[in-house]
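Please look through the following notes with the structure open beside you, taking the points in order and finding each residue as it is named.

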Amino acid sequence: QIGDDAMIADALFNSAWAAAARRDIGSVEARAGEAIELYRRAGDTSSATLVEAWFRIEPLVTGLGGDVNIAAQAVHEAVEASRQLGRTHDAADWLTAFAFVYRMVGDTERSTAAAQDALRTWHEIGNLGRLPVLFKMLASLALAQGRLERAVRLGVAAERYNADIGGELPDVFGHLGDRRGRRFVLVTTLLVMAT
């Protein structure tokens, strides 16, 4: 009713995230596309670019499909754009996305480096709510590398940290549909309950 295109675009982008969590790719595409158009109409091309990058990676991260190479390029562009704009929070989010993409293609070394970089950035800016999912990501990577003791320690730390601060991203972001990841989440939960 106010006619503020930028605010409408923000709301549409947020609802696109919600649609992604429901695995509703049709709504993701429609809402993200409309948000991009409205950002451009409002003269905010930077936000339009970031939403475009998000749309290229989100289906892959949530297990709905997508191309890994396209997603990796999109993340790279988004990290650089966010840093140039001084959006440290967004840059940290995109660094986390790098970890997801590399994890999906089995590049555990680059995924670990990206996750550690994101973890440091989130800690520096004081957003502790993002830390548990990164601990879970690092635990999943340690498991893939055969470092079982480290994996369990990181997984238990993630569960305890999450219990202390409350709330986190859905588990899909930590294990990316990997059956070992789902089992790992169960095992670490049982370990926390037993200690």
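1. Ala163 counts as exposed, because its relative accessibility is 63%, and the cut-off for that label is over 50%. Please keep in mind, here and in the points below, that the model is predicted.

2. As for its setting, Ala163 is part of helix H8, which covers residues 148–165. Although Pro132 is 31 residues away from Ala163 along the chain, the C-alpha atoms of these two residues are 9.5 Å apart.

3. Turning to the whole protein, the secondary structure consists of ten helices and zero strands, and 43% of the 195 residues count as buried. The accessible surface amounts to about 10,100 Å², with 52% of that area belonging to carbon and sulfur atoms.

4. The crossing in which H4 passes H5 is left-handed.

5. On the H4 side, the residues that make this contact include Val68, Ala71, Val75 and Val79, while those on the H5 side include Trp94, Leu95, Phe98 and Val101. Sorted by type, the residues of the contact between H4 and H5 comprise twelve nonpolar, two polar and two charged ones.

Key: Residues numbered from 1 in each chain as written. Predicted model: local features only at pLDDT ≥ 70, side-chain atom pairs only at ≥ 80, totals over all residues. Heavy atoms only, no water. Helix = DSSP H or I, 4+ residues; strand = E, 2+ residues; numbered from the N terminus. Buried < 20%, exposed > 50% of the residue type's maximum accessible area, 1.4 Å probe, protein only. Areas by Shrake-Rupley, 256 points an atom, 1.4 Å probe, with all protein chains shown as cover. Left-handed = near helix turned anticlockwise from the far one by under 90°. Contact = heavy atoms within 4.5 Å. Nonpolar A, V, L, I, M, F, W, Y, C, P; charged D, E, K, R; others polar.
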